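Please walk me through this model, from the overall fold down to individual side chains.

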Amino acid sequence: MSEHTPGADEGRDIERARIVAYLAFHEHSARAKATAAQSDESRIYQTTIANAMQAMREAIEGGFHWKADL
C-alpha cells in the first residue's frame, strides 16, 4: 500500500478537479442538446446523459468511494 505524501495528495486533488470540470462541461453540453432536441427520444437521451454526468460529478466532488461503508 502506498503512503500518502503531500505531493501525491496535491496531485490527486488536481486530477479530481480536472475530472469534475470535464464532467461539468459534458453535463452542460448534454443539457443544451436536450433543450434543442426535436424529438422526445433525443431529449430523454440527452437528459439521461446530463443526469449521469451530474451524479458522477457530485460523487467525485464529495470524495465518494464505493467501498466507504465496507
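In which helix is the place of Arg16? Arg16 sits in helix H1, residues 6-36; helices (H or I, at least four residues) are DSSP runs, numbered from the N terminus. Arg16 is partly exposed, at 31% relative accessible area. Here buried means under 20% relative accessible area, exposed over 50%, and partly exposed in between (1.4 Å probe, protein chains only). Arg16 and Glu61 are 45 residues apart in sequence, with their C-alpha atoms 7.5 Å apart in space.

This is a predicted model, in which local features need pLDDT of at least 70, side-chain atom pairs count only at pLDDT 80 or more, and totals for chains, interfaces and linings use all residues. Residues are numbered from 1 along each chain as its sequence is written, and side-chain values use heavy atoms, with hydrogens and water left out.

The protein chain has two helices and zero strands. Of its 70 residues, 14% count as buried. Gln46, in helix H2 (residues 40-61), is buried at 15% relative accessible area. Leaving aside residues up to four places away in sequence, Gln46 touches Ala30, Lys33 and Ala34 (contact means heavy atoms within 4.5 Å).

The whole structure holds six salt bridges, each a side-chain nitrogen of Lys or Arg within 4 Å of a carboxyl oxygen of Asp or Glu. Within helix H1, Glu27 and Arg31 are four residues apart, so about one helical turn separates them. Their side chains meet in a salt bridge at 3.5 Å, N to O. Glu27 is buried at 10%, whereas Arg31 is partly exposed at 30%. A network of salt bridges links Glu27, Arg31, Arg57 and Glu61.
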